Amino acid sequence: MSRTFLFRYETVLALLTVLALATLAMLSAKFFTTENLLNQGRLMSEVGLIMLAMTFVIVTGGIDLSVGSILGMTAILLGVFWQKVGMPLPAAIVAAMLCGTLAGLGNGLIITRFKVPPLIATLATLALYRGLAEGISQARSVRGYPEWFFFFGQGEVLGVPVQLWILVICTVIAAVILARTPFGRATYAIGANETAAHFSGIRVDATKLWIYTAAGFLASLAAVIFVSRVTTTRSDMGTGIELDVITGVVLGGTSIFGGKGTIIGTVIGLVLIQALKNGLALSGVKGDGTIVVIGVVLIGAVLAGALLDRDRGGS
Amino acid sequence: MTDAVLSRAPAGSPSRSPVQRFLAGYGQELIVGLAVIVLFAGVSIVNPRFLSDTNINSIIAGNAYIAVAAVGMSMVIICGHIDLSVGSLIGVIATVAGTLAVSGYPVWVAWLLPILMAIAINASVGAFIAYTRIPSIVVTLGMLSILKGGLISATGGAWISDLPPGFMIAQMRPFGIPSAVYFMVVLTLLAAWFIANTDFGWSIYAVGGNSEAARAAGISPERVTVGVFALHGLFTGIAGILFATQLQVIQSTVPPNLELTVITAAVIGGVSILGGTGTVIGSTLAAILFATIGSALIFLNVSAYWLRAVLGLMILATVLADMIRRRRAT
């Protein structure tokens, strides 16, 4: 039953996306050029990477509001390790990503060891990690990175942006893990009924720890790409990105109550949001107007999901 | 679960002494209050200028609007919900009030109309949450971006200046004390009385503690949710007016991270994040505590850029203590 529902929701969403793309193509001649599409792929990679991890998080019935702050903290640490501490840049990248991953592990520990609701735990670490980024950097930006570093954010392989390759590889890995492995099945089981999952021998806490740690890792990977793309490090990087991420995941059919969701849906959600943003920008709507549209789309998507669910006598 | 519902306001069994009962009921509020006093004492020894009139004034009067919003937020959290859009709504209310005042409407219209608007908006949000059963975090996250984006697109971020002097209610000083302080104290005490002594107040605790149990007891969780959000709208509206009138200009943007500060104040003030317990007095004290910390950092020559990290650590510590205390209690 739920499989047919998911299939239907994703089909509807995919059709909607095609419709949106067609409309945008008609509205603006610039939209359907290879150059614009590849550029959009470049811009959506950072959000997309975090959305992959967020899909797992929300499928378990959790949420992670701190991903934007982890991104900011990793970016700042990358700059500080390299410029202030004097580490070679590759070592600084690895060290900063390690810290970002540990920040995700920290979220997981607070949530599993102390049973703090994920919403509150990550609201606290949202403030903490962003605060560390601001405190460590003293709001000073770091620039002057060597030319080779810009490869991750500005380079191309076979004519396709590097970060789009990274996103595609990570997407395939995430899709396989969620749909085809015991870990993926454990993720769904936890979201459907945590107590039942526990009593059927699933290692609930370990699974959640891995998922929140992965969210930290992907947020720090996004941070490296972000810094490489814009060539500077600032402490406010990634502010509010959690809103885009959660909206995309929920729009992609992942239930905010947990237990349901697919990576394919998330990818469609990502494309739809990026198309909306780009299309609205091309048709002259300013950035703030798009925030309104995203907010409406978020509430509308959850409402539609809840109503469809209720009609089918769902959860 | 019923224990959790009833554990806070008139806490303790009759066999315990009044002091013990007070500590059991208001432990967190006491800690926050003491922290404010210790901080004031400590910092003023290092730098006596910390105790100057202007500084105390800017700490308390300048942050009264946060305290007022935190009181409303406390009730929402006690009811088992959360509101991430509070900062954006304060920004919208302040801008609407300023625009009305500059356009020549009587000041009482410029004060009251935005407050009614805040009540209407939040009551609708509450109704949406209650009847669609979509979690409040999702709905208010959406509202955050709708209000914020709408405000900036409508105003283009232009500042509102040349506000009429009669409009600046937060700056008026009856008996030498800024009126923002009166608002903060009176609204906190009113809310504290209301939540502990009225049927509606009790039903907020009941719904937050266990909404199905509350329903079985004849309370409609839906109506309580709408009511709580409307009440929160009233407090947010007043906070917006205080925010609009405390400076000579209104920036027409959303104060950054205001929702986080307001939620943190409520949680550190002793409202349990899981709903069902807490009081509103602690939220006001916690709002003052933050402002004191922020000011203390400056007077101790610590960079203010560390403020958010300190707040994050504090909310984390409070939440962990709350969870450990709950685990011990059960």
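Angles over 145 degrees between N-to-C directions count here as roughly antiparallel, a cut-off that comes in handy for the first close-up. Please keep in mind that all the views below show a predicted model.

**Figure 1. Helices α8 and α11 of chain B pack against each other.** Here α8(B), residues 179-197, and α11(B), residues 221-245, have axes that come within 11 Å and cross at roughly 165 degrees. The two helices are therefore roughly antiparallel to each other, and their crossing is left-handed. On the α8(B) side, look for B:Ala180, B:Phe183 and B:Leu187; on the α11(B) side, their partners in the contact are B:Phe235, B:Ile238 and B:Leu242. Sorted by class, this contact has 6 nonpolar residues, with no polar and no charged ones.

Figure 2. For 330 residues, a compact globule would have a radius of gyration near 20 Å, and the 20 Å of chain B agrees with that. Buried residues account for 52% of the chain. Of the contacts in chain B with a separation of 6 or more, 79% join residues 24 or more positions apart.

**Figure 3. Chain B meets chain A.** The contact takes 35 residues from chain B and 34 residues from chain A. On the chain B side, the elements that give two or more residues are α7 (136-155), α12 (258-268) and α14 (307-329). Among these, α7(B) gives the most, with 13 residues. By class, the side of chain B that touches chain A has 24 nonpolar, 8 polar and 3 charged residues.

**Figure 4. Helices α7 and α8 of chain A cross.** The axes of α7(A) and α8(A) are 5 Å apart, and the helices pack at an angle of about 70 degrees. They are therefore roughly perpendicular to each other. From α7(A), the residues A:Ile177, A:Leu178, A:Ala179 and A:Arg180 meet A:Phe183, A:Gly184 and A:Thr187 of α8(A). This contact has 4 nonpolar, 2 polar and 1 charged residues by class.

**Figure 5. Helix α8 of chain A has buried residues.** Staying with α8(A), residues 182-192, you can find A:Ala186, A:Thr187, A:Ala189, A:Ile190 and A:Gly191 buried. What covers them includes α2 (34-59), α7 (162-180), α9 (194-199) and α10 (204-230) of chain A.

**Figure 6. Two loop residues have a positive phi.** Most residues other than glycine have a negative phi. In chain A, the phi of A:Leu158 is near 55 degrees. A:Leu158 lies in the loop between β1 (156-157) and β2 (160-161), and it counts as exposed because it has 5 C-beta neighbours inside 10 Å. In chain B, the phi of B:Arg133 is near 60 degrees. B:Arg133 is found in the loop between α6 (107-132) and α7 of chain B. With 11 other C-beta atoms within 10 Å, B:Arg133 is exposed.

Terms used:
Residues are numbered from 1 along each chain as its sequence is written. Chains are lettered from A and ligands numbered from 1 in the order in which they are written. This is a predicted model: local features need pLDDT of at least 70, side-chain atom pairs count only at pLDDT 80 or more; totals for chains, interfaces and linings use all residues. Axes are lines fitted to C-alpha atoms, for helices over the stretch in contact, and angles run from 0 to 180 degrees between N-to-C directions. Helices (H or I, at least four residues) and strands (E, at least two) are DSSP runs, numbered from the N terminus. Angles under 35 degrees count as roughly parallel, over 145 as roughly antiparallel, 65 to 115 as roughly perpendicular and the rest as oblique. A crossing is left-handed if the near helix is turned anticlockwise from the far one by less than a right angle, and right-handed if clockwise. Two residues are in contact if their C-beta atoms, placed from the backbone, lie within 7 Å. Ala, Val, Leu, Ile, Met, Phe, Trp, Tyr, Cys and Pro count as nonpolar, Asp, Glu, Lys and Arg as charged, and the others, Gly among them, as polar. The radius of gyration is taken over C-alpha atoms; the globule rule is 2.2 Å times the number of residues to the power 0.38. A residue is buried if 20 or more other C-beta atoms lie within 10 Å of its own, exposed if 12 or fewer, and partly exposed in between; C-beta atoms are placed from the backbone.
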